[in-house]
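Visitor: Please take me on a close look at the charged side chains here. I would like to know how they are placed and what they pair with.

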Amino acid sequence: DERLRALDDMMGGVLEVRKEDILKMDIPPPSFISKPEDLWSEEEKKTFEEYEKKVKELNEEKEEYRQVLRNEWKKLEASIKETTQNFDEIVCKLSEKKVKSEMAIYQEELKIVNLIYTLLVDEELDTREAGLHKFLIKKKKEKVSYHLECSRFLSHPQRLEHGFIKEFADTPDYLLEELLQLYKHRPETPRTETLLDTANPYVKGSPEDYEDALTLLMKAMDELDSPEHMPSGLDQSMWKRFCLARRKKMESEELVKWKALALGEMQAFLQRRVDENEKMKSELENIFQELTWLKEKKMKLHQNLTVQFLLTQGQVELESTEIPDYSDAILINRSVVEELNCTLAAQGEKKITAMVEFKDFSKGIIQLEWEHKKMKMQIQDLKEKARDIVILPISKDCQLFLTVQNYDTHIAQHLAGMEQSLGVMDKLHKKNVKNHQKKVRELKKCIRLKEQANYELSLQLKEMLVSVSERMHIFEAADTHDISEKITRQRYQEILKQKYLRNLIREQEKQFALLQSEAE
């Protein structure tokens, strides 16, 4: 398209001139700029000046526009920074809100879990307690039925005898005693053996055996029921009634006897039941203990409630990273702790005031001790000064100066006398020096003689040592004790002599050194 191509070529693709296009603008330089300046004409110079002026104006416009763009850029940057900060603050607030909401949710969930746990524990304790109560009632029922059965079996004969006394209470006492003896009397019958079923102790043999024994007993009772055995003075109707009661008693005794055949097995069964009873007692004790434990646990569960606390991070100090166990912690009111803290603070302030008073008091004591020590030292210094004043040595010159009136003339006379005494002393000193030099020369001569004598003695000593060694060899070969003692004695004497001579030489050298130093 020619129109679009022309628009792009001539106007940069736009119909209006934009402000930012000023940065792309350039003023074309004049054609003569390639020539040297010396060859330019006046018109060319004016044209060049105008060109420079236009370039300068264009650069100023460009710089102004750049400054405007910079200001806009800074404003945009500041607004972007502000919006980002606002956005970050909103995000932080939302995150804090989210954390707090999650914290509240978790707290409520933890409360729900704790409540469910306590309900489950309570339900479990209730079920266990109900089961133990049922088991306890069942065991008690078994125990009562067993005792009733045993007492019914054992108390049957006593009941019959007691009923007989009640039935014949209207008879006289002497007849009642005689009838009671006849009532207790039992006829003699042949014994029958029966086999018992050991599996069941309450089975008493077969009914045929029991009927045979009962018929035999009734035959024997017919003889006893005859009027011959009736006591005198008793009515016939009373005797018949007595015989019927006795027969009834004999039948019941026969039944008991038949039951007593199983007594051995029943004793074993009784022992087993006693053992079971003991076991049941122990079980019941265990059940009672468990019931008491369940009651205590239930009471503790109802009283020892779980309470949640919100602890701000960083405000609770822990000795280690592990969370401590608060299972034995006690929940108390905040006012108790605050009162205790107030009392502790008051006691602490009292202690601090007491300590400050003690410190001031001790400081005062130390200051007084220091002043006392200072006064003691001052007293001691004054005493020393007084003693120095008393014992001050005053020379003769000071005494003369203080006592003599013409001190200068006296001093001149004293100096003249001193010069004379010095001359005399100088003569005496020279004389003493000459005497000492003479003594030194004599001592040097003695020293030379002593040295020569020492040298001769050392030679003799060497010869003697050789002779001593030879003699020692001889004495060792001959093994004579007396000669060796003599030689050792001589050797000891020579050693003592040498020691004495050495000491003498040392003393003489010391004397010589002293004399030499005096002479110098």
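**Charged side chains up close**

Guide: Let's start with Glu 63, which counts as partly exposed because its relative accessibility is 41% (buried is under 20% relative accessible area, exposed is over 50%, and partly exposed lies in between, using a 1.4 Å probe and protein chains only). Please keep in mind that this is a predicted model, where local features need pLDDT of at least 70, side-chain atom pairs count only at pLDDT 80 or more, and totals for chains, interfaces and linings use all residues. Residues are numbered from 1 along each chain as its sequence is written, and side-chain values use heavy atoms, leaving out hydrogens and water.

The structure has five salt bridges, each being a side-chain nitrogen of Lys or Arg within 4 Å of a carboxyl oxygen of Asp or Glu. Glu 63 takes part in one of them with Arg 70, and their closest N and O atoms are 4.0 Å apart. Arg 70 is partly exposed, since its relative accessible area is 39%.

Next, look at Lys 111 and Glu 108, whose side chains meet in a salt bridge at 3.7 Å, N to O. They sit three residues apart in helix α2, so about one helical turn separates them (helices, H or I with at least four residues, and strands, E with at least two, are DSSP runs numbered from the N terminus). Lys 111 is partly exposed at 39% relative accessibility, and Glu 108 is partly exposed at 42%.

Now find Arg 128, which forms a salt bridge with Glu 290, with 2.4 Å between the closest N and O atoms. This pair links distant parts of the chain: Arg 128 is in helix α2 and Glu 290 is in helix α7 (residues 263-303), 162 residues apart. Arg 128 is partly exposed at 33% relative accessibility, as is Glu 290, with a relative accessible area of 27%. Returning to where we began, salt bridges that share partners join Glu 63, Arg 66 and Arg 70 into one network.

Finally, turn to the surface, where Glu 37, Asp 38, Glu 49, Glu 50 and Glu 52 gather in a patch of negative charge. Patches are made of residues with over 30% relative accessible area and no salt bridge, joining like charges within 9 Å and nonpolar side chains (Val, Leu, Ile, Met, Phe, Trp, Tyr) within 5 Å. Within this group, Glu 49 belongs to helix α2 (residues 42-154) and counts as exposed because its relative accessibility is 54%.

Conventions: Accessible areas come from the Shrake-Rupley method with a 1.4 Å probe; for residues, only the protein chains shown count as cover. Lys and Arg count as positive and Asp and Glu as negative; His and the chain ends are not counted. The place of a charge is taken as NZ of Lys, CZ of Arg, CG of Asp or CD of Glu.
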